[in-house]
Amino acid sequence: MRFATRVTVLICLLGAGLRAQSSSTAKQIVDTMLTHENDPAEHGNRYMYLSEERSERTGGHLWQERVVETSLGKVRLLLAEDGKPLSAERAAAERERLAQIVAHPEVFQRREQAMKSDEEHAEQMLALLRKAFLFEDPRVEGSDLQIVFRPDPAYKTQSLEERVLHAMWGTVVVDQRTMQLHRIEGKMPADVSLGYGLLGTVHAGSSFSTTHEMEPGGDWKDATVNTAIEGKALLFKEISRSEHLVHSEFRQMPADMSVAQAVEMLER
């Protein structure tokens, strides 16, 4: 996974002397949702989709790409930048890049594995919900269950990444029928110092949100991802970033689609 989502963040401040409590029902729901998230059998389908992204990867530009998932990674074709079609030269460079992917799939796989490691890191941070947060009783929101979470003061963070996430308050929304993650979002109500301030500070207002939607084939896929972590956090650049993604127009692909087949489909 990944961090990735969208809804008003609910921040509930504990009053002085209030004993930290957590809803056992909400924790059960979150545990079930995380079990689904971590089950590879529930995320095995391949898709082609349209992606709009503004991030470090795009150099701050808004890229529109067509993406095809394969067993080796995601094959992408850039269609437009900042709302403008590619020049003839840029389009030719894209075709050459795809040709290189077909010619050297092992290089493509290594690069994709590095990007996948970032996604797995995000999934590990999502799993922190299970052990580092307290939950309010679930509330029905249409076909979803909405659960407000807050830091468990008894939890001792193990890394700088955990320290940042653990400082956030937010909401997790679970689809009642499938018990899959529909949306999660968090916001930091106060500055967080890292290494007693020697390594930097992550500023209040930093936030993340990820929305999943169920696509043809039954998989819940990222529909929107927004990350806005502001401050100076020199040692964990991977979560100190600004990112905006929107994925749409999902079409299920054959599970055994090769990189060469993906490129052929993108070039049609």
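Reply: Happy to. Buried means under 20% relative accessible area, exposed means over 50%, and partly exposed is in between. By that scale Glu 141, at 31% relative accessibility, counts as partly exposed. One thing to keep in mind is that this is a predicted model.

Me: Thanks! Which residue does Glu 141 form a salt bridge with?

Reply: With Arg 183; the closest N and O atoms are 3.1 Å apart. Arg 183 is buried, at a relative accessible area of 9%.

Me: What does E9 pair with?

Reply: Strand E9 (residues 181-187) pairs with strand E12 (residues 207-214) in the antiparallel sense, over five bridges. Ile 184 stands opposite Thr 210 in E12.

Me: How many bridges join E12 to E13?

Reply: Eight, and E12 and E13 (residues 220-228) run antiparallel. Thr 211 has Thr 224 in E13 as its bridge partner. The two strands form a hairpin with five residues between them, and Gly 217 in the turn has a positive phi of about 105 degrees.

Me: OK, changing topic: how many residues are in the largest nonpolar core?

Reply: It has 31 residues, and Ile 184 is one of those with the most contacts inside it, along with Val 30, Leu 129, Phe 133, Phe 135 and Val 172. Helix H1 (residues 24-37) gives the largest share of this core, five residues. Apart from it lies another core, of 14 residues, including Phe 108 and Met 265.

Me: What share of the protein counts as buried overall?

Reply: 45% of the 268 residues.

Me: Back to charges. How many salt bridges are there in the whole structure?

Reply: Eleven. One of them joins Arg 130 and Asp 31, with the closest N and O atoms 3.2 Å apart. That pair links distant parts of the chain, as Arg 130 is in helix H4 (residues 129-132) and Asp 31 is in helix H1, 99 residues apart.

Me: Which residues are linked in a network of salt bridges?

Reply: Glu 53, Arg 57, Glu 65 and Arg 76. Within it, the side chains of Arg 57 and Glu 53 meet at 2.9 Å, N to O.

Me: Is Glu 53 buried or exposed?

Reply: Glu 53 is buried, with a relative accessible area of 5%, while Arg 57 is partly exposed at 31%.

Note on methods: Residues are numbered from 1 along each chain as its sequence is written. This is a predicted model: local features need pLDDT of at least 70, side-chain atom pairs count only at pLDDT 80 or more; totals for chains, interfaces and linings use all residues. Side-chain values use heavy atoms; hydrogens and water are left out. Buried means under 20% relative accessible area, exposed over 50%, partly exposed in between (1.4 Å probe, protein chains only). A nonpolar core is a set of buried Ala, Val, Leu, Ile, Met, Phe, Trp, Tyr and Cys residues joined through side-chain atoms within 4.5 Å. Helices (H or I, at least four residues) and strands (E, at least two) are DSSP runs, numbered from the N terminus. Two strands pair if DSSP finds at least two bridges between them. A salt bridge is a side-chain nitrogen of Lys or Arg within 4 Å of a carboxyl oxygen of Asp or Glu.
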